Amino acid sequence: VQLQASGGGLVQAGGSLRLSCAASGRTYSNYAMAWFRQAPGKEREFVAAISWSGSSTYYARSLKGRFTISKDNAKNTAYLQMNSLKPEDTAVYYCAADWRGGSTPGEYDNWGQGTQVTVSS
């Protein structure tokens with residue numbers, strides 16, 4: 001499956017953004033999806049994941065309550081709604097897909113190109 005992330009941009013602290021991850025490939029609905037992020041000089045970290053059906057979601061503990069992951073299999077698209085953004089949320093955000101799912105980058109074989117999110121103070 002091929003992934004295309006979009007929706008990043010520059011936003012003030014306290015603002016919101018919605019990231020999209022469009023997938024191509026007929027088996028998309030069978031894949032768990034996830035978002036990771038990577039800030040300069042830091043390792044890629046888990047943000048959120050959603051099961052293939054969309055019935056189960058998982059979040060990094062520090063982000064739960066501000067970020068919401070969702071998945072629309074009819075549109076072959078996953079989303080990450082980010083609210084109450086903080087400067088420390090600044091990073092490149094990557095979407096990932098795999099039939100296994102999980103919270104570590106190594107569990108995903110398919111990656112989008114990343115979209116930059118910058119939160120100004």
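A quick definition to start: buried means under 20% relative accessible area, exposed means over 50%, and partly exposed lies in between, using a 1.4 Å probe and protein chains only. Strands are DSSP runs (E, at least two residues), numbered from the N terminus.

Some background before the points. This is a predicted model, in which local features need pLDDT of at least 70 and side-chain atom pairs count only at pLDDT 80 or more, while totals for chains, interfaces and linings use all residues. Residues are numbered from 1 along each chain as its sequence is written, and side-chain values use heavy atoms, with hydrogens and water left out.

1. Let's look at β7. Its covered face carries F67, I69 and K71, while T68, S70 and D72 sit on the uncovered one. In a regular strand, side chains alternate between the two faces of the sheet.

2. Which strand partners β7? β7 pairs with β8 in the antiparallel sense, over 6 bridges; two strands count as paired if DSSP finds at least two bridges between them. F67 has M82 of β8 as its bridge partner, and D72 has T77. The two strands make a hairpin with 4 residues between them, and N76 in the turn has a positive phi of about 55°.

3. β1-β3-β8-β7 is the order of the 4 strands in an open sheet with antiparallel pairing. β1 and β7 are at the edges with a single partner strand each, so one side of each has no neighbour in the sheet. From one strand to the next, the twist averages 15° (axes are lines fitted to C-alpha atoms, and angles run from 0 to 180 degrees between N-to-C directions).

4. The largest nonpolar core has 36 residues, and those touching the most other members are M33, W35, V47, F67, L80, M82 and Y93. Such a core is a set of buried Ala, Val, Leu, Ile, Met, Phe, Trp, Tyr and Cys residues joined through side-chain atoms within 4.5 Å. Strands that each supply at least two residues of this core include β1 (2–6), β7 (67–72) and β8 (77–82).

5. Finally, there is 1 disulfide, meaning a pair of cysteine sulfur atoms within 2.5 Å. C21 is joined to C95, with an S to S distance of 2.2 Å. The link connects distant parts of the chain, with C21 in strand β3 and C95 in strand β9, 74 residues apart. Both C21 and C95 are buried, and their link is right-handed, with 65° about the S-S bond.
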